[in-house]
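The points are grouped by topic.

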Amino acid sequence: MAESRPPAAPQLVVVGNPANRRVVLFREAARRARLPEVRVVPWIDVLRGRARFHADEWVRLDSPGEDAEVEKALRGVDDPTRVEGTARWYQRFTAAVHEVSAIASAAGATLLDDPADLAVLFDKRLCHGVLSTAGLAVPDSPTSGADGPPVHGWADVRALQQSTGLRRIFIKLAHGSSASGVLAVETASGGRVQATTSVERDDSGRLYNSLRVRRYRTEGEVAALVDTLAPDGLHIERWVPKASQDGRTADLRVVVTAGRATHAVVRTSRSPMTNLHLGGARGDLAAARIAVERAGGEWAGALRLCEEAASAFPGSLRVGVDLLPASDWRSFSIGEVNAFGDLLPGLTGLPGSGAESEDTYGAQLTAVRMRCATRSRPTDTVDEPPAPTTTVSRNTAPRRTRNHRAHA
């Protein structure tokens with residue numbers, strides 16, 4: 001009887017921008033794991049029709065951010081700090097993803113990210129609708145799902161507030177990320193309106209992403225921002241009061257890899273936006289767990305909620321789930337699910353996750369190797385089906401920030 005050999009290590013390809021931090025960290029993780037060198041297919045090659053794949057490659061899609069040329073090709077703007085252009089970005093990006101899928105299919109490669117999942121994950125209205133339909137706790141939203149009413153401007157926002165009774169809301173670009181274009185809007189009983197946001201508006205009315213969170217204190221200012229953002233599509237959610245840690249607003253980013261919550265970080269901020277690039281800071285995860293348990297909540301249940309949210313996107317190897325703790329730390333809701341929400345440098349896995357010594361990229365590589373090994377086994381030795389993949393068969397003034405896709 002011939003001696004069985006261990007399956008060959010997967011030949012990995014990442015579609016991304018070569019200098020992007022995510023691509024660099026993923027390739028470094030592959031080297032640490034002593035895997036074959038990861039081949040990079042730049043997004044600009046995809047957009048120019050030059051992408052090629054080969055049989056038996058495993059293709060991972062990553063963020064098209066941190067590259068001015070790619071950003072211009074997708075959004076049609078010369079300045080990567082501009083806010084506008086996200087609807088165009090979404091249309092061109094999802095078309096590029098389908099192009100990758102078609103080329104990979106013709107070559108007999110395996111795609112680790114489902115184009116249909118990505119199309120939903122990058123539309124906050126659709127994503128909210130999927131989570132809500134699945135019965136998961138999400139903030140109330142009058143724009144949820146494919147049938148949600150369009151928001152053409154501030155007048156529509158005010159009408160939706162009046163019909164729903166929502167006074168404190170988040171207004172988000174439907175296809176935005178990294179808090180780009182997000183407004184935390186408060187309406188007082190007397191009708192006074194103010195908004196907290198990182199959006200900067202210049203004298204000609206153009207909008208920019210700033211690294212400084214600011215407040216607009218009149219309804220006219222807020223209306224002007226919303227009217228400028230609205231052509232790209234807007235999503236509205238109830239502003240859920242969140243927990244605090246050390247006097248700062250707190251939420252969590254939980255990375256779910258191959259269906260399991262593997263990594264988590266507490267994000268704290270003095271503003272409603274906890275994104276780390278906007279002055280947010282990593283909080284104390286152990287303290288958060290203690291707070292949950294002291295309040296009578298269940299930490300394991302919070303992680304299961306994230307896994308349930310990820311299960312709504314079974315064709316995605318990994319997602320980053322924004323977990324919103326209630327002000328008493330007892331209950332949780334899902335804020336968003338991010339396709340490229342795994343940029344957490346230096347963070348090792350949760351106890352009991354199986355990724356205790358791995359960063360987010362190492363955990364993904366372990367998952368891919370397991371899938372590769374399962375596929376390589378003879379059919380009579382396979383104990384259970386592999387976890388889902390999309391398998392494609394052969395036949396200044398203030399400093400400004402770029403539109404990086406899915407910052408933590």
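Strand 12 (residues 260-269) and strand 13 (residues 281-282) pair in the antiparallel sense over two bridges; two strands count as paired if DSSP finds at least two bridges between them. Helices (H or I, at least four residues) and strands (E, at least two) are DSSP runs, numbered from the N terminus. The model is predicted: local features need pLDDT of at least 70, side-chain atom pairs count only at pLDDT 80 or more, and totals for chains, interfaces and linings use all residues. Residues are numbered from 1 along each chain as its sequence is written, and side-chain values use heavy atoms, with hydrogens and water left out.

- V254 has A264 of strand 12 as its bridge partner.
- Two residues separate strand 11 from strand 12 in a hairpin, and A258 in the turn has a positive phi of about 50°.
- Strand 12 is mostly covered, with nine of its 10 residues buried; buried means under 20% relative accessible area, exposed over 50%, and partly exposed in between (1.4 Å probe, protein chains only).

**T257**

- T257 lies in strand 11 and, at 4% relative accessibility, counts as buried.
- Between T257 and L317 there are 6.0 Å in space, C-alpha to C-alpha, although the two are 60 residues apart in sequence.
- Setting aside neighbours within four places in sequence, T257 is in contact with T262, L317, R318, A363, Q364 and A367; contact means heavy atoms within 4.5 Å.

- Five strands make up an open sheet in the order 8-7-6-5-9, with antiparallel pairing.
- Strand 8 (207-216) and strand 9 (234-238) are the edge strands, each pairing on one side only.
- On average, neighbouring strands of this sheet are turned by 25° against each other, direction ignored; axes are lines fitted to C-alpha atoms, for helices over the stretch in contact, and angles run from 0 to 180 degrees between N-to-C directions.
- Helix 7 (residues 154-164) packs on the sheet and touches strand 5, strand 6, strand 7 (193-201) and strand 9. The direction of helix 7 makes about 140° with that of strand 5.
- Strand 5 (residues 168-173) pairs with strand 6 (residues 183-187) in the antiparallel sense over four bridges.
- R168 has E186 in strand 6 as its bridge partner, and I171 stands opposite L183 in strand 6.
- Strand 6 and strand 7 pair in the antiparallel sense over five bridges, with V185 opposite A195 in strand 7.
- The hairpin of strand 6 and strand 7 has five residues between the strands, and G191 in its turn has a positive phi of about 95°.
- Strand 6 is mostly covered: of its five residues, four are buried.

**Nonpolar cores**

- The largest nonpolar core has 60 residues, of which W43, F53 and V337 touch the most other members. Such a core is a set of buried Ala, Val, Leu, Ile, Met, Phe, Trp, Tyr and Cys residues joined through side-chain atoms within 4.5 Å.
- Helix 4 contributes the largest share of this core, nine residues.
- V337 touches L121, C127, L131, A309, F313, V319, G320 and V321, not counting residues up to four places away in sequence.

**Aromatic rings and charges**

- Rings of Phe, Tyr and Trp (its six-membered ring) pair if their centres lie within 6.5 Å; planes under 30 degrees apart count as stacked, over 60 as edge-to-face and the rest as tilted.
- By this rule there are eight aromatic pairs.
- F93 and F122 form an edge-to-face pair, because their ring centres are 5.5 Å apart and their planes stand at 75°.
- F93 is in helix 4 (residues 86-107) and F122 in the loop between helix 5 (115-121) and helix 6 (124-133), so the pair ties together parts that are 29 residues apart in sequence.
- F93 counts as buried at 1% relative accessibility, and F122 counts as buried at 5%.
- Ring pairs join W43, W89, F93, F122 and F340 into a cluster.
- R168 lies over the face of W239, at 3.9 Å from the ring centre, and K172 lies over the face of F170, at 5.8 Å from the ring centre. A charge sits over a ring if NZ of Lys or CZ of Arg is within 6 Å of the ring centre and within 35 degrees of the ring normal.
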